[in-house]
Amino acid sequence: MHQHDTERLTRLPDNTTDAVTIIGGGPAGLMAAEVLIQQGIRVDLYDAMPSVGRKFLLAGKGGMNITHAEPLPQFLNRYGTRRDNIAALLQDFGPEQLRDWIHGLGIETFVGSSQRIFPKDMKAAPLLRAWLHRLREAGVQLHMRHRWQGWDDDKRLQFTTPHGDVTVQAGCVLLALGGASWARLGSDGRWLPLLQTRGVSVAPLRPSNCGFDIPWSEHFHTRYAGQPLKTLTATVTRHDGSTLRRQGECVITTQGIEGGLIYALSAPLRDAIDATGKAELLLDLLPDWPLEKVQRELLHPRGARSLSSHLQSRLKLSGVKAALLRECVGAEVYQDLPALAAAIKAMPLQLSAPRPIDEAISTAGGVAFEALQDDLMLRAIPGVFCAGEMLDWEAPTGGYLLTACFASGRHAALGALQWLSQSRQKSDSEPGSADNEEQAS
């Protein structure tokens with residue numbers, strides 16, 4: 001916690017009986033627990049799974065990308081229409097502060113060639129172990145296998161456990177329940193109706209950073225599913241007519257296409273399908289070649305060679321790229337070499353649907369920022385704060401998701417501290433309070 005944060009709060013006494021109940025043990029919930037426990041607040045954290053941080057651990061299996069080193073203005077642009085909302089969360093705890101915090105756990109980091117930031121050993125488990133050790137030593141109480149079921153008629157929190165139902169009286173609650181992807185790890189979106197019935201505005205959860213369905217021919221997907229498409233540039237046209245262009249790699253699947261390049265464009269592609277039932281992605285199969293060079297090489301006399309051999313010889317276009325071109329471009333285009341050159345530089349790929357939400361890396365939708373105060377407290381339920389992926393925002397992979405989850409957990413915890421302080425001051429000033437009675441005597 002930064003020094004100026006403690007200065008702007010009315011610090012509670014170390015022996016305070018104030019408490020916060022956190023529901024959700026991902027990065028947002030754990031970060032909130034750390035901020036609160038450091039300020040002398042009792043913290044009870046509940047999670048439906050047998051252990052915390054399960055999605056965090058799985059996300060780190062291929063290399064724990066914790067944040068990104070690009071300049072902050074560019075970093076913030078990754079949050080799209082929610083840029084300003086996320087900027088407010090990252091103001092005091094952005095990528096640099098997150099990296100410093102990781103170093104404080106004894107975990108070294110490095111900046112990769114893509115400007116992504118990783119722990120030195122690329123693993124999530126050592127970071128989580130060190131963090132949990134610090135939280136337990138500080139006094140955070142973890143309650144596993146407690147699935148939240150909402151509130152009872154007396155406004156007590158309800159949980160189901162393997163040993164029966166449990167109710168908890170909680171004056172201040174912080175929800176960090178995640179989205180709806182990877183349900184087997186705990187993020188299943190079951191909390192939506194629990195908040196909607198209390199008057200909270202919630203946007204439907206939708207897949208983000210996801211793959212898409214394409215009706216491949218039997219021949220193509222049987223032969224090429226699982227093969228990577230390397231060094232591509234992809235372009236999608238947004239609903240407002242602007243274009244979004246990214247370079248990277250992706251992978252052919254039996255059902256369609258997935259991978260980093262596709263995930264980076266998943267939001268506008270998904271929105272186009274929602275609006276019209278389909279989306280078109282333009283792929284540049286040779287992004288390092290200008291159109292004029294492609295045309296010149298194609299028009300070079302090929303003699304007795306087949307067109308496939310010509311493409312491989314003159315353009316180095318073979319394998320899955322050449323097969324994809326054949327799959328997506330009609331036979332008439334192959335008879336028109338200038339048109340074929342244009343197709344190589346802007347090959348239309350027709351996407352029919354996003355993959356199911358449970359396959360997605362993350363989700364869009366959730367609690368609307370308009371339903372929250374600036375401190376992330378629900379307007380409809382005073383004393384209840386929200387953080388993490390359950391808020392209505394999305395971002396591409398690259399460390400942006402985790403950074404905002406950490407920052408939102410911290411921001412909500414600071415809001416909870418302020419609310420507890422104000423509640424305590426209000427209670428002390430009310431007639432009949434112990435302090436007032438002592439002063440009167």
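## Overall make-up

The protein chain has 18 helices and 20 strands, where helices (H or I, at least four residues) and strands (E, at least two) are DSSP runs numbered from the N terminus. This is a predicted model, in which local features need pLDDT of at least 70, side-chain atom pairs count only at pLDDT 80 or more, and totals for chains, interfaces and linings use all residues. Residues are numbered from 1 along each chain as its sequence is written, and side-chain values use heavy atoms, with hydrogens and water left out.

Taken along the principal axes, the C-alpha atoms of the protein chain fill a box of roughly 110 × 40 × 40 Å. Of the 441 residues in the chain, 50% are buried; buried means under 20% relative accessible area, exposed means over 50%, and partly exposed lies in between (1.4 Å probe, protein chains only). The accessible surface comes to about 20,500 Å², and carbon and sulfur atoms hold 48% of it. Such areas come from the Shrake-Rupley method with a 1.4 Å probe, and for residues only the protein chains shown count as cover. Among contacts (heavy atoms within 4.5 Å) with a separation of 6 or more, 69% join residues 24 or more positions apart.

## Helices α12 and α16

Let's turn to a helix pair. Helix α12 (residues 291-298) packs against helix α16 (residues 337-345) at an angle of about 135°, and their axes are 9 Å apart. That angle makes α12 oblique to α16. For reference, angles under 35 degrees count as roughly parallel, over 145 as roughly antiparallel, 65 to 115 as roughly perpendicular and the rest as oblique. The axes are lines fitted to C-alpha atoms, for helices over the stretch in contact, with angles running from 0 to 180 degrees between N-to-C directions.

From α12, the contact draws on Leu291, Val294, Gln295 and Leu298, while α16 supplies Leu337, Pro338, Leu340, Ala341, Ala342, Ile344 and Lys345. By class, these are 9 nonpolar, 1 polar and 1 charged residues. Here Ala, Val, Leu, Ile, Met, Phe, Trp, Tyr, Cys and Pro count as nonpolar, Asp, Glu, Lys and Arg as charged, and the others, Gly among them, as polar.

## Around α16 and α14

The buried residues of α16 are Leu340, Ala341, Ala343, Ile344 and Lys345. They pack against β16 (279-284), α12, α13 (307-315), α14, α15 (331-334) and β17 (347-351).

Leaving aside neighbours within four places in sequence, Ala322 touches Leu317 and Tyr334. The C-alpha atoms of Ala322 and Leu285 are separated by 9.0 Å, with the two residues 37 apart along the chain.

## Helices α5 and α17

Helix α5 (residues 83-90) meets helix α17 (residues 400-429) at an angle of about 65°, with axes 8 Å apart. The contact is formed by Ile86, Ala88, Leu89 and Leu90 of α5 together with Thr403, Ala404, Ala407, Ser408 and His411 of α17. Sorted by class, the contact has 6 nonpolar, 3 polar and no charged residues.

## Two positive phi angles

Backbone checks bring up two loop residues. Arg145 is not a glycine, yet has a positive phi of about 55°. Its place is in the loop between β6 (141-143) and β7 (147-151), and at 44% relative accessibility Arg145 counts as partly exposed.

Asn209, also not a glycine, has a positive phi of about 50°. Asn209 lies in the loop between β11 (202-208) and β12 (212-213), and its 1% relative accessibility makes it buried.
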